[in-house]
Amino acid sequence: MTEKTKVDVLVVGSGPAGSTAAKYAAMSGANVMMIERRPEVGVPVRCGEYMPADSEVVNMFPTLKDEESLYRIPASMKCRETEGIMLVDPKGRETLLEMPGYTIDRDLYDQYLAKCAMDEGAELVMNCAFHGIENGVAKTSQGDIEYKVIIGADGPGSRVARNLGLQRNRNPYPAVTAQVEGDFEPYLYMFFGDIAPGAYSWIIPKDGRANIGVGCSPRFAKENVSVYMDKFVEKRGFKDHSRIEGKYVPSEGPIPRTVSGNGLVVGDAAGQVISVNGGGIPLAMIGGRIAGNVAGATVKGQATLDDYEREWRSIMEKPLKTAAFNKKLADTFGFRSEWSTCFCMRMLGKRRLNNLIRCKSLFP
Ligand SMILES: Cc1cc2nc3c(=O)[nH]c(=O)nc-3n(C[C@H](O)[C@H](O)[C@H](O)COP(=O)(O)OP(=O)(O)OC[C@H]3O[C@@H](n4cnc5c(N)ncnc54)[C@H](O)[C@@H]3O)c2cc1C
(Lines give C-alpha, C1' and ligand atoms only; values in the text may rest on other atoms or scores of the structure.)
Protein backbone atom coordinates (compact mmCIF):
# COMPACT_ATOMS: atom_id res chain seq x y z
CA MET A 1 0.00 0.00 0.00
CA THR A 2 1.27 3.49 -0.81
CA GLU A 3 1.41 6.32 1.72
CA LYS A 4 -2.09 7.48 0.77
CA THR A 5 -4.38 5.04 -0.98
CA LYS A 6 -7.67 6.00 -2.63
CA VAL A 7 -10.53 3.54 -3.07
CA ASP A 8 -14.25 3.67 -3.73
CA VAL A 9 -15.20 1.19 -1.00
CA LEU A 10 -13.08 0.33 2.02
CA VAL A 11 -14.14 -2.83 3.85
CA VAL A 12 -12.71 -3.37 7.33
CA GLY A 13 -12.56 -7.06 8.31
CA SER A 14 -12.39 -10.22 6.20
CA GLY A 15 -14.97 -12.37 8.01
CA PRO A 16 -18.14 -13.56 6.23
CA ALA A 17 -19.68 -10.07 6.36
CA GLY A 18 -16.61 -8.29 4.99
CA SER A 19 -15.80 -10.76 2.21
CA THR A 20 -19.42 -10.92 1.07
CA ALA A 21 -19.70 -7.13 1.07
CA ALA A 22 -16.39 -6.79 -0.80
CA LYS A 23 -17.48 -9.33 -3.40
CA TYR A 24 -20.79 -7.64 -4.22
CA ALA A 25 -19.34 -4.13 -4.15
CA ALA A 26 -16.63 -5.28 -6.60
CA MET A 27 -19.24 -6.99 -8.79
CA SER A 28 -21.02 -3.66 -9.14
CA GLY A 29 -17.84 -2.17 -10.59
CA ALA A 30 -16.49 -0.34 -7.55
CA ASN A 31 -12.80 -0.20 -6.70
CA VAL A 32 -12.77 -2.18 -3.42
CA MET A 33 -10.12 -2.70 -0.77
CA MET A 34 -10.65 -5.05 2.18
CA ILE A 35 -8.26 -4.78 5.11
CA GLU A 36 -7.71 -7.43 7.77
CA ARG A 37 -5.65 -7.04 10.91
CA ARG A 38 -4.86 -10.74 11.23
CA PRO A 39 -1.99 -12.32 9.24
CA GLU A 40 -4.21 -15.11 7.86
CA VAL A 41 -7.89 -14.99 6.95
CA GLY A 42 -10.06 -17.05 9.32
CA VAL A 43 -7.22 -18.06 11.63
CA PRO A 44 -7.57 -18.87 14.47
CA VAL A 45 -11.07 -20.38 14.34
CA ARG A 46 -13.34 -18.86 16.95
CA CYS A 47 -16.64 -20.41 15.93
CA GLY A 48 -18.87 -23.46 16.38
CA GLU A 49 -18.71 -23.91 12.58
CA TYR A 50 -22.39 -24.80 12.25
CA MET A 51 -24.51 -23.64 9.32
CA PRO A 52 -28.26 -24.18 9.03
CA ALA A 53 -29.47 -25.54 5.68
CA ASP A 54 -30.57 -22.86 3.18
CA SER A 55 -34.22 -23.90 3.73
CA GLU A 56 -33.84 -23.16 7.44
CA VAL A 57 -32.36 -19.72 6.78
CA VAL A 58 -35.37 -18.93 4.57
CA ASN A 59 -37.69 -20.31 7.23
CA MET A 60 -36.20 -17.76 9.66
CA PHE A 61 -36.08 -14.93 7.12
CA PRO A 62 -38.97 -15.61 4.73
CA THR A 63 -38.41 -12.51 2.59
CA LEU A 64 -34.81 -13.49 1.77
CA LYS A 65 -34.33 -13.98 -1.97
CA ASP A 66 -31.72 -15.97 -3.90
CA GLU A 67 -30.26 -17.72 -0.89
CA GLU A 68 -28.72 -20.39 -3.09
CA SER A 69 -26.16 -18.11 -4.70
CA LEU A 70 -25.33 -16.60 -1.32
CA TYR A 71 -24.47 -19.87 0.42
CA ARG A 72 -23.18 -21.89 -2.54
CA ILE A 73 -19.84 -23.54 -1.70
CA PRO A 74 -17.96 -26.50 -3.17
CA ALA A 75 -19.42 -29.75 -1.74
CA SER A 76 -15.98 -30.71 -0.44
CA MET A 77 -16.09 -27.75 1.94
CA LYS A 78 -18.96 -29.25 3.93
CA CYS A 79 -17.50 -31.37 6.72
CA ARG A 80 -20.74 -33.12 7.57
CA GLU A 81 -24.50 -32.90 7.14
CA THR A 82 -26.39 -32.65 10.44
CA GLU A 83 -29.98 -33.77 10.99
CA GLY A 84 -31.11 -31.76 13.96
CA ILE A 85 -30.50 -29.97 17.19
CA MET A 86 -30.58 -31.93 20.43
CA LEU A 87 -31.46 -29.77 23.41
CA VAL A 88 -30.34 -31.27 26.71
CA ASP A 89 -31.77 -29.89 29.94
CA PRO A 90 -29.79 -29.87 33.21
CA LYS A 91 -31.27 -33.25 34.18
CA GLY A 92 -30.08 -34.78 30.91
CA ARG A 93 -33.53 -34.94 29.27
CA GLU A 94 -33.20 -34.63 25.51
CA THR A 95 -35.48 -32.93 22.98
CA LEU A 96 -34.63 -33.43 19.32
CA LEU A 97 -35.56 -30.61 16.95
CA GLU A 98 -35.38 -31.75 13.35
CA MET A 99 -33.37 -29.10 11.56
CA PRO A 100 -31.04 -29.86 8.67
CA GLY A 101 -27.67 -28.19 8.62
CA TYR A 102 -24.00 -28.81 7.99
CA THR A 103 -20.63 -28.08 9.46
CA ILE A 104 -17.62 -26.35 7.97
CA ASP A 105 -13.99 -25.65 8.71
CA ARG A 106 -14.41 -21.98 9.42
CA ASP A 107 -10.86 -21.01 8.45
CA LEU A 108 -11.28 -22.62 5.01
CA TYR A 109 -14.76 -21.15 4.68
CA ASP A 110 -13.61 -17.59 5.38
CA GLN A 111 -10.67 -18.07 3.03
CA TYR A 112 -13.01 -19.26 0.29
CA LEU A 113 -15.28 -16.23 0.74
CA ALA A 114 -12.28 -13.89 0.64
CA LYS A 115 -11.08 -15.57 -2.57
CA CYS A 116 -14.53 -15.07 -4.12
CA ALA A 117 -14.22 -11.34 -3.31
CA MET A 118 -10.74 -11.19 -4.85
CA ASP A 119 -11.91 -13.09 -7.94
CA GLU A 120 -14.39 -10.25 -8.47
CA GLY A 121 -11.56 -7.73 -8.24
CA ALA A 122 -11.46 -6.71 -4.56
CA GLU A 123 -7.98 -6.18 -3.13
CA LEU A 124 -7.22 -7.83 0.22
CA VAL A 125 -4.57 -6.30 2.47
CA MET A 126 -3.50 -8.45 5.42
CA ASN A 127 -1.83 -7.35 8.66
CA CYS A 128 -3.59 -4.04 8.25
CA ALA A 129 -5.43 -2.81 11.33
CA PHE A 130 -8.00 -0.03 11.14
CA HIS A 131 -7.28 2.53 13.86
CA GLY A 132 -9.82 5.27 13.28
CA ILE A 133 -11.22 7.96 11.00
CA GLU A 134 -9.73 11.45 10.85
CA ASN A 135 -11.19 14.09 8.54
CA GLY A 136 -12.91 11.42 6.46
CA VAL A 137 -9.72 9.40 5.99
CA ALA A 138 -9.16 5.93 7.47
CA LYS A 139 -6.04 5.64 9.60
CA THR A 140 -4.56 2.15 9.46
CA SER A 141 -1.38 0.41 10.55
CA GLN A 142 -0.25 0.58 6.91
CA GLY A 143 -1.07 4.21 6.21
CA ASP A 144 -4.03 6.41 5.29
CA ILE A 145 -6.86 5.27 3.04
CA GLU A 146 -9.25 7.67 1.34
CA TYR A 147 -12.64 6.15 0.58
CA LYS A 148 -16.06 7.11 -0.72
CA VAL A 149 -17.84 4.49 1.43
CA ILE A 150 -16.51 2.63 4.46
CA ILE A 151 -18.00 -0.71 5.52
CA GLY A 152 -17.31 -1.81 9.08
CA ALA A 153 -17.32 -5.61 9.08
CA ASP A 154 -14.93 -5.73 11.99
CA GLY A 155 -16.82 -7.97 14.38
CA PRO A 156 -18.56 -7.58 17.73
CA GLY A 157 -16.34 -4.86 19.22
CA SER A 158 -16.42 -2.78 16.02
CA ARG A 159 -13.99 0.12 16.00
CA VAL A 160 -15.59 1.37 12.80
CA ALA A 161 -18.98 1.61 14.56
CA ARG A 162 -17.41 3.71 17.31
CA ASN A 163 -15.69 5.97 14.80
CA LEU A 164 -18.93 6.47 12.89
CA GLY A 165 -20.68 7.45 16.12
CA LEU A 166 -22.84 4.31 16.04
CA GLN A 167 -23.72 2.31 19.12
CA ARG A 168 -21.55 -0.72 19.70
CA ASN A 169 -23.03 -4.04 20.84
CA ARG A 170 -24.05 -3.96 24.47
CA ASN A 171 -23.68 -6.93 26.79
CA PRO A 172 -21.70 -9.27 24.50
CA TYR A 173 -21.24 -12.85 25.78
CA PRO A 174 -17.85 -14.56 25.98
CA ALA A 175 -17.66 -17.89 24.15
CA VAL A 176 -14.82 -20.36 23.68
CA THR A 177 -14.27 -23.27 21.35
CA ALA A 178 -11.88 -26.13 20.55
CA GLN A 179 -11.70 -29.23 18.35
CA VAL A 180 -11.77 -32.85 19.55
CA GLU A 181 -11.40 -36.11 17.68
CA GLY A 182 -13.95 -38.95 17.68
CA ASP A 183 -17.20 -40.17 16.20
CA PHE A 184 -20.27 -38.16 17.02
CA GLU A 185 -23.97 -38.37 16.25
CA PRO A 186 -25.31 -36.16 13.45
CA TYR A 187 -26.88 -33.68 15.86
CA LEU A 188 -25.80 -30.35 17.22
CA TYR A 189 -25.96 -30.91 20.98
CA MET A 190 -26.80 -27.92 23.17
CA PHE A 191 -26.42 -28.44 26.93
CA PHE A 192 -28.14 -26.06 29.32
CA GLY A 193 -27.69 -25.41 33.03
CA ASP A 194 -24.84 -24.53 35.37
CA ILE A 195 -22.45 -25.95 32.78
CA ALA A 196 -23.01 -22.71 30.79
CA PRO A 197 -24.92 -20.12 32.84
CA GLY A 198 -27.32 -18.04 30.76
CA ALA A 199 -26.32 -19.73 27.48
CA TYR A 200 -25.22 -23.25 26.52
CA SER A 201 -22.31 -25.55 25.86
CA TRP A 202 -22.16 -27.50 22.63
CA ILE A 203 -20.88 -30.45 20.64
CA ILE A 204 -21.06 -29.90 16.89
CA PRO A 205 -20.10 -32.96 14.83
CA LYS A 206 -17.59 -32.78 12.00
CA ASP A 207 -15.89 -35.55 10.01
CA GLY A 208 -14.22 -37.73 12.65
CA ARG A 209 -14.01 -34.65 14.83
CA ALA A 210 -16.28 -32.26 16.65
CA ASN A 211 -16.28 -28.63 17.57
CA ILE A 212 -16.93 -28.22 21.29
CA GLY A 213 -17.49 -25.01 23.16
CA VAL A 214 -19.16 -22.96 25.84
CA GLY A 215 -20.80 -19.56 25.95
CA CYS A 216 -22.08 -17.88 29.06
CA SER A 217 -23.88 -14.75 30.17
CA PRO A 218 -21.88 -12.30 32.29
CA ARG A 219 -25.10 -11.72 34.26
CA PHE A 220 -25.39 -15.36 35.39
CA ALA A 221 -21.81 -16.63 35.29
CA LYS A 222 -19.85 -16.68 38.52
CA GLU A 223 -16.59 -17.63 36.85
CA ASN A 224 -14.59 -17.00 33.71
CA VAL A 225 -15.89 -18.79 30.60
CA SER A 226 -12.69 -20.87 30.38
CA VAL A 227 -13.50 -22.37 33.80
CA TYR A 228 -16.83 -23.57 32.41
CA MET A 229 -15.02 -24.96 29.38
CA ASP A 230 -12.69 -26.94 31.65
CA LYS A 231 -15.69 -28.32 33.54
CA PHE A 232 -17.44 -29.22 30.27
CA VAL A 233 -14.35 -31.01 28.93
CA GLU A 234 -14.02 -32.95 32.19
CA LYS A 235 -17.71 -33.82 32.39
CA ARG A 236 -17.88 -35.14 28.80
CA GLY A 237 -14.55 -36.93 29.15
CA PHE A 238 -12.88 -35.27 26.14
CA LYS A 239 -9.28 -36.39 26.18
CA ASP A 240 -7.20 -34.24 23.87
CA HIS A 241 -8.53 -31.03 22.50
CA SER A 242 -6.95 -28.35 20.40
CA ARG A 243 -6.01 -24.96 21.79
CA ILE A 244 -9.01 -23.13 23.22
CA GLU A 245 -9.93 -19.94 21.34
CA GLY A 246 -12.50 -17.37 22.37
CA LYS A 247 -14.38 -14.29 21.29
CA TYR A 248 -17.48 -12.29 22.13
CA VAL A 249 -20.98 -12.81 20.75
CA PRO A 250 -23.53 -9.95 20.50
CA SER A 251 -26.50 -10.93 22.66
CA GLU A 252 -29.11 -8.21 22.25
CA GLY A 253 -29.87 -8.21 18.52
CA PRO A 254 -29.31 -5.38 16.05
CA ILE A 255 -27.96 -1.99 17.11
CA PRO A 256 -30.40 0.93 16.64
CA ARG A 257 -28.76 2.38 13.51
CA THR A 258 -26.22 0.84 11.17
CA VAL A 259 -25.55 3.78 8.81
CA SER A 260 -23.87 7.08 9.54
CA GLY A 261 -22.67 9.56 6.90
CA ASN A 262 -20.71 7.64 4.29
CA GLY A 263 -20.23 4.60 6.51
CA LEU A 264 -22.16 1.52 7.54
CA VAL A 265 -21.63 -1.54 9.73
CA VAL A 266 -22.60 -5.12 8.97
CA GLY A 267 -22.53 -8.60 10.54
CA ASP A 268 -21.53 -8.86 14.20
CA ALA A 269 -20.57 -5.18 14.11
CA ALA A 270 -24.27 -4.42 13.50
CA GLY A 271 -25.55 -6.98 16.01
CA GLN A 272 -26.92 -9.13 13.17
CA VAL A 273 -26.83 -12.21 15.36
CA ILE A 274 -29.59 -14.53 16.62
CA SER A 275 -29.73 -13.78 20.36
CA VAL A 276 -31.10 -17.16 21.40
CA ASN A 277 -28.26 -19.21 19.92
CA GLY A 278 -25.46 -16.83 18.88
CA GLY A 279 -25.61 -17.87 15.21
CA GLY A 280 -24.36 -15.16 12.90
CA ILE A 281 -22.62 -16.49 9.78
CA PRO A 282 -25.69 -16.66 7.48
CA LEU A 283 -26.83 -13.25 8.72
CA ALA A 284 -23.44 -11.66 8.18
CA MET A 285 -23.67 -12.83 4.58
CA ILE A 286 -27.23 -11.56 4.07
CA GLY A 287 -26.15 -8.19 5.45
CA GLY A 288 -22.87 -8.33 3.53
CA ARG A 289 -24.57 -8.82 0.17
CA ILE A 290 -26.92 -5.88 0.76
CA ALA A 291 -24.06 -3.72 2.06
CA GLY A 292 -21.87 -4.49 -0.95
CA ASN A 293 -24.62 -3.91 -3.49
CA VAL A 294 -25.72 -0.64 -1.90
CA ALA A 295 -22.15 0.62 -1.41
CA GLY A 296 -21.41 -0.09 -5.09
CA ALA A 297 -24.58 1.67 -6.22
CA THR A 298 -23.93 4.60 -3.88
CA VAL A 299 -20.49 5.16 -5.40
CA LYS A 300 -22.21 5.40 -8.80
CA GLY A 301 -24.80 7.83 -7.43
CA GLN A 302 -27.60 5.30 -7.90
CA ALA A 303 -28.43 4.72 -4.22
CA THR A 304 -27.84 6.05 -0.74
CA LEU A 305 -26.56 4.10 2.24
CA ASP A 306 -29.97 4.42 3.88
CA ASP A 307 -31.10 1.84 1.32
CA TYR A 308 -28.85 -0.63 3.14
CA GLU A 309 -30.50 0.15 6.48
CA ARG A 310 -33.95 -0.26 4.98
CA GLU A 311 -33.21 -3.43 3.02
CA TRP A 312 -31.49 -5.48 5.70
CA ARG A 313 -34.10 -4.48 8.26
CA SER A 314 -36.90 -5.54 5.93
CA ILE A 315 -35.42 -9.06 5.87
CA MET A 316 -33.85 -9.57 9.29
CA GLU A 317 -35.12 -7.07 11.84
CA LYS A 318 -38.41 -8.67 12.88
CA PRO A 319 -37.03 -12.20 13.40
CA LEU A 320 -33.97 -10.82 15.20
CA LYS A 321 -36.10 -8.68 17.52
CA THR A 322 -38.32 -11.68 18.24
CA ALA A 323 -35.22 -13.72 19.09
CA ALA A 324 -33.93 -10.92 21.35
CA PHE A 325 -37.30 -10.76 23.11
CA ASN A 326 -37.32 -14.56 23.57
CA LYS A 327 -33.81 -14.35 24.98
CA LYS A 328 -35.02 -11.79 27.54
CA LEU A 329 -37.83 -14.18 28.54
CA ALA A 330 -35.28 -16.96 28.93
CA ASP A 331 -33.13 -14.70 31.13
CA THR A 332 -36.09 -13.71 33.28
CA PHE A 333 -37.72 -17.11 33.71
CA GLY A 334 -35.46 -19.86 32.41
CA PHE A 335 -31.91 -19.18 33.46
CA ARG A 336 -32.48 -18.36 37.14
CA SER A 337 -31.61 -21.88 38.28
CA GLU A 338 -31.22 -25.38 36.90
CA TRP A 339 -34.69 -26.15 38.23
CA SER A 340 -36.25 -23.20 36.35
CA THR A 341 -34.36 -24.19 33.17
CA CYS A 342 -35.80 -27.72 33.37
CA PHE A 343 -39.25 -26.38 34.18
CA CYS A 344 -39.30 -23.85 31.31
CA MET A 345 -37.99 -26.35 28.75
CA ARG A 346 -40.70 -28.83 29.76
CA MET A 347 -43.40 -26.15 29.73
CA LEU A 348 -42.36 -24.92 26.29
CA GLY A 349 -42.29 -28.42 24.82
CA LYS A 350 -41.01 -29.38 21.42
CA ARG A 351 -43.29 -27.13 19.34
CA ARG A 352 -42.37 -23.92 21.14
CA LEU A 353 -38.70 -24.87 21.39
CA ASN A 354 -38.83 -25.25 17.61
CA ASN A 355 -40.21 -21.71 17.41
CA LEU A 356 -37.56 -20.45 19.82
CA ILE A 357 -34.65 -21.79 17.80
CA ARG A 358 -36.14 -20.39 14.56
CA CYS A 359 -36.63 -16.77 15.75
CA LYS A 360 -40.42 -17.11 15.94
CA SER A 361 -42.87 -15.97 18.61
CA LEU A 362 -43.39 -18.43 21.45
CA PHE A 363 -47.02 -17.52 22.04
CA PRO A 364 -49.81 -18.27 21.25
C1 LIG B 1 -17.23 -19.23 20.01
C2 LIG B 1 -18.19 -18.81 18.92
C3 LIG B 1 -18.91 -19.80 18.25
C4 LIG B 1 -19.79 -19.42 17.19
N5 LIG B 1 -20.42 -20.40 16.51
C6 LIG B 1 -21.21 -20.07 15.44
C7 LIG B 1 -21.80 -21.09 14.64
O8 LIG B 1 -21.60 -22.29 14.86
N9 LIG B 1 -22.59 -20.71 13.60
C10 LIG B 1 -22.82 -19.39 13.31
O11 LIG B 1 -23.57 -19.08 12.37
N12 LIG B 1 -22.26 -18.40 14.05
C13 LIG B 1 -21.44 -18.72 15.09
N14 LIG B 1 -20.83 -17.73 15.82
C15 LIG B 1 -21.04 -16.34 15.42
C16 LIG B 1 -20.21 -16.06 14.16
O17 LIG B 1 -18.88 -16.47 14.34
C18 LIG B 1 -20.27 -14.56 13.83
O19 LIG B 1 -21.61 -14.13 13.82
C20 LIG B 1 -19.62 -14.29 12.47
O21 LIG B 1 -18.25 -14.58 12.51
C22 LIG B 1 -19.83 -12.82 12.10
O23 LIG B 1 -19.08 -12.53 10.94
P24 LIG B 1 -18.47 -11.07 10.76
O25 LIG B 1 -17.83 -11.08 9.42
O26 LIG B 1 -19.48 -10.05 11.06
O27 LIG B 1 -17.38 -10.91 11.90
P28 LIG B 1 -16.01 -11.74 12.17
O29 LIG B 1 -16.14 -13.13 11.65
O30 LIG B 1 -15.75 -11.53 13.60
O31 LIG B 1 -14.95 -10.98 11.28
C32 LIG B 1 -14.44 -9.74 11.66
C33 LIG B 1 -13.06 -9.60 11.06
O34 LIG B 1 -12.61 -8.26 11.26
C35 LIG B 1 -11.28 -8.27 11.65
N36 LIG B 1 -11.02 -7.04 12.39
C37 LIG B 1 -11.51 -6.71 13.61
N38 LIG B 1 -11.07 -5.49 13.96
C39 LIG B 1 -10.29 -5.05 12.94
C40 LIG B 1 -9.54 -3.85 12.73
N41 LIG B 1 -9.51 -2.86 13.64
N42 LIG B 1 -8.84 -3.72 11.57
C43 LIG B 1 -8.86 -4.72 10.64
N44 LIG B 1 -9.54 -5.88 10.80
C45 LIG B 1 -10.25 -6.03 11.92
C46 LIG B 1 -11.15 -9.54 12.50
O47 LIG B 1 -9.81 -9.95 12.62
C48 LIG B 1 -12.03 -10.50 11.72
O49 LIG B 1 -11.31 -11.20 10.75
C50 LIG B 1 -19.97 -18.06 16.87
C51 LIG B 1 -19.25 -17.08 17.58
C52 LIG B 1 -18.37 -17.47 18.58
C53 LIG B 1 -17.58 -16.40 19.31
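1. An oxygen atom of the ligand lies 3.1 Å from a polar backbone atom of Glu-49, a polar contact in the sense of a pair of N or O atoms within 3.5 Å (within protein, one atom must be able to donate a hydrogen and the other to accept it, and residues adjacent in sequence count only if both atoms are side-chain atoms). The protein covers 94% of the 1000 Å² of accessible area that the ligand has on its own, where areas come from the Shrake-Rupley method with a 1.4 Å probe and, for residues, only the protein chains shown count as cover.

2. A word on the basis of these values. The model is predicted, with local features needing pLDDT of at least 70 and side-chain atom pairs counting only at pLDDT 80 or more, while totals for chains, interfaces and linings use all residues. Residues are numbered from 1 along each chain as its sequence is written, and side-chain values use heavy atoms, with hydrogens and water left out.

3. The shell around the ligand holds 33 residues, and the closest are Glu-36, Gly-48, Tyr-50, Lys-247 and Asp-268; a residue counts as near if one of its heavy atoms lies within 4 Å of the molecule. At least two residues of this shell come from each of α1 (16-27), β16 (245-249) and α7, and α7 gives the most, with three residues. Helices (H or I, at least four residues) and strands (E, at least two) are DSSP runs, numbered from the N terminus.

4. Helix α7 (residues 281-299) has 19 residues and spans 27 Å from its first C-alpha to its last, close to the 27 Å expected at 1.5 Å a residue; the expected span is 1.5 Å times one less than the number of residues. Because 16 of its 19 residues are buried, α7 is largely enclosed by the rest of the structure. Buried here means under 20% relative accessible area, exposed means over 50%, and partly exposed lies in between (1.4 Å probe, protein chains only). Just after α7, Gly-301 takes a positive phi of about 75°.

5. Asn-169, in the loop between α5 (159-163) and β12 (173-181), is buried at a relative accessible area of 11%. The side chain of Asn-169 reaches the backbone oxygen of Asp-268 at 2.8 Å, and a polar atom of that side chain lies 3.0 Å from the backbone oxygen of Pro-156. Asp-268 is also among the residues closest to the ligand.

6. The structure holds 24 salt bridges, each being a side-chain nitrogen of Lys or Arg within 4 Å of a carboxyl oxygen of Asp or Glu. One of them joins the side chains of Arg-209 and Asp-105 (3.2 Å, N to O). Since Arg-209 lies in strand β15 (residues 209-215) and Asp-105 in the loop between β6 (94-104) and α4 (106-119), the pair ties together parts that are 104 residues apart in sequence. Arg-209 is partly exposed, with a relative accessible area of 23%, whereas Asp-105 counts as buried at 17%.

7. Helix α8 (residues 306-334) contains both Asp-307 and Arg-310, three residues apart, about one turn of the helix, and their side chains meet in a salt bridge (2.2 Å, N to O). An α-helix has 3.6 residues a turn, so residues three or four places apart point the same way. Asp-307 is buried, with a relative accessible area of 19%, while Arg-310 counts as exposed at 54%.

8. Other charged pairs deserve a note. Arg-257, Asp-306, Glu-309, Arg-313, Glu-317 and Lys-321 are linked in a network of salt bridges. Lys-139, partly exposed at 25% relative accessibility, forms a salt bridge with Asp-144, with the closest N and O atoms 3.0 Å apart.

9. Trp-339 lies in helix α9 (residues 338-357) and is exposed, with a relative accessible area of 62%.
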